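Reader: I'm new to this one and would like to talk through some of its charged side chains. Could you take my questions one by one?

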Amino acid sequence: MNKYRSHNCNQLRKESVGTDVILSGWINKKRDHGNLLFIDLRDNYGITQCIINKDNSNFKELEKIQLETVIKIEGKVVDRSKDTINKEIQTGEIEVVIQTFNVLGTCKELPLPVFSDQEYSEEIRLRYRFLDLRRKKIHENIILRSKVISYIRNQMNEFGFLEFQTPILTSSSPEGARDFLVPSRLNPGKFYALPQAPQQFKQLIMVSGFDKYFQIAPCFRDEDARADRSPGEFYQLDLEMSFVEQNDVFKVVEKLLVNTFNEFSDKKLLFNKFPRITYKDSMLKYGSDKPDLRNPLIINDITEIFSRDDVSFEIFKKLVKSGSKVRCIITKNTKDKPRSFFDNIDKWAKEQGASGLAYFTIEKDKEVSGKGPVGKFFSKNSIEEIMKKTGAKVGDSIFLACARQIELEKITSLARDKIARDLELIDDSVFAFCWVVDYPMFEKNEITNKIEFSHNPFSMPQGNLDDLNFDDPLNILAYQYDIVCNGIELSSGAIRNHIPELMYKLFSVAGYSKKDVEQKFSGMINALSFGAPPHGGIAPGIDRIVMLLANEKNIREVTMFPMNQNAQDLMMNAPSEINEKQLKELNIILKDKK
RNA sequence: GGGGGUGUAGCUCAGUUGGUUAGAGCGAUCGCCUGUCACGCGAUAGGUCGAGGGUUCGAGUCCCUUCACUCCCGCCA
């Protein structure tokens, strides 16, 4: 028998009554009655109540031991009387009478209580992450993460995918996020980059003829953190398939996600077949390329209305003339909402940096009219036209924003979310997945006015390749797609461009010469010219999937050892200074600090 | 880089209009308690009110600067 335990802390049941057992674990809680002491012993699996009284010579010593000390106890399993059964824990029908005990690991005074429902500052939690991770909720989150990853791995294997590892030390990529760099000792003055994603490698795997690849891949991007974005590193289910079209990728991923979410969450999927929304539609109807489809509100463009003579909303009309657009959100049957409801939203919009949200409610006495601050600016006919365009009915309200397209998308997107929350329209008990498809290949950088790749430069453009109009690059669409769930971007992917000549052309549109491309993507271009299969893939974010399944709003709640917002690991003290010898070996001289 | 929020005991927080010696719960220490499961009861210790400066007779409280954490914008092909 193992010297530390005969059972774990969640194993003993009524049937074990009378047997001698050895348990080891942490002291979760003590209840000291003076001559009788209860100890809740906890391990990964659960809790067992152990008991000792003053007749035992160990009593005095055990009474003094700190919470979270690791002990081993030997004792006998006994029945609990009916009125002392604890239904909250699975071992609640029995308890263990302690005969002897040993301390296996002592514990100093705790900087944070482990057994408590209190919330703690991130700083203290991250500094003492090993204690934080003992707490029930996050402990379970991390176990969930393990199970989800294992499940996904099994599914992928079943689907016929092969798992490969790709290099962690690789080359810096000119497109995309900021790289993490690693100096090379053997090549002074040169640097490796940590991969932002195994993008080029997975394409090379396809060129190598492996057909279907996946990896739970670490990705490194040196960008600022958000609640749903860890600084530094995160994990993707990276996958790639040969001889496929967009639909083939969709089929695999839909199946995987539907299975995974059904397996690990009680929430219902709103769509088993994910709706497909074009990027253009998404930006118009939801103001965002990551629409939350739980939210029934839809944005409508009613710019035209403001060129009518019977509309006298002069501020908007003037803005429209100078190129702004007007978009609106209809709320159903809100005529009886108090004035404060509307004003709060307007006030909120101003706080978001917009010039506010105008609003009125559609009423009908003898004929329809607008009630509310700006209602008087709209004639009966113009309101009827709005109703026709937007599906609004009498009793509904209309929120209007006017701005240039990009700002307008931003504010209407935020307003859509805000209004739905205020009206409690978002069903929190479902997952609403969708595909966002048909991304433009290029976009214009607003500041530099230059044409840039809008997403992945290796994506395949849509349409007949011979007819592509490179003089009008902004209208070229790509086989580029995202998966969004409840307004969170879960992954993006694409059918790749496997034709070198086409790649040169596309890169030239974005201002790269043939030489640039050959230099920066030599591995890729070279490979594609030796018989590359058509291929495509996607890379769902593991952390975000687990976050949704665990019903958490912050990615650190599903990450074992996350860094803080400043990309520091407070527990391991990273990043840290390094010594002169190391610097010298790496040929690095630090600039003097101020 | 910019904006918002927070910062008071080991932890979570309260602290009125600027006014005597800065409080509570949990935790710690000590004592009492044989059926608790957030056990109960009593006592004790524990504070650079994030830091620095200013206004004031007097600052946890008002002002300025700064630091830390966090949320958001930028950024994230």
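Reader: Is E122 buried, partly exposed or exposed?

Author: Keep in mind that this is a predicted model. Buried would need under 20% relative accessible area, and exposed over 50%. E122 has 30% relative accessibility, so the label is partly exposed.

Reader: Which side chain does E122 meet in a salt bridge?

Author: Side chains of opposite charge can pair when their charged atoms come close. For E122 the N to O distance is 2.8 Å, and the partner is R556.

Reader: How many residues apart in sequence are the parts that E122 and R556 tie together?

Author: E122 sits in helix α2 (residues 122-127). R556 belongs to the loop between α15 (542-549) and α16 (580-585), so the parts tied together are 434 residues apart in sequence.

Reader: And R556, is that buried or exposed?

Author: The cut-off for buried is under 20% relative accessible area. R556 comes in at 15%, so R556 is buried.

Reader: What is the relative accessible area of D132, the salt-bridge partner of R135?

Author: The closest N and O atoms of R135 and D132 are 3.0 Å apart. R135 counts as buried at 12% relative accessibility. D132 is buried too, with a relative accessible area of 0%.

Reader: Now D179: how far away is the nearest side chain of opposite charge?

Author: D179 lies in the loop between β6 (162-163) and β7 (181-183). Its side chain makes polar contacts of 2.6 Å with the side chain of S172 and of 2.6 Å with that of Q196. D179 is buried yet has no salt bridge, and the nearest side chain of opposite charge, R221, is away by 8.1 Å.

Technical notes:
Residues are numbered from 1 along each chain as its sequence is written. Chains are lettered from A and ligands numbered from 1 in the order in which they are written. This is a predicted model: local features need pLDDT of at least 70, side-chain atom pairs count only at pLDDT 80 or more; totals for chains, interfaces and linings use all residues. Side-chain values use heavy atoms; hydrogens and water are left out. Helices (H or I, at least four residues) and strands (E, at least two) are DSSP runs, numbered from the N terminus. Buried means under 20% relative accessible area, exposed over 50%, partly exposed in between (1.4 Å probe, protein chains only). Lys and Arg count as positive and Asp and Glu as negative; His and the chain ends are not counted. A salt bridge is a side-chain nitrogen of Lys or Arg within 4 Å of a carboxyl oxygen of Asp or Glu. A polar contact is a pair of N or O atoms within 3.5 Å; within protein, one must be able to donate a hydrogen and the other to accept it, and residues adjacent in sequence count only if both atoms are side-chain atoms.
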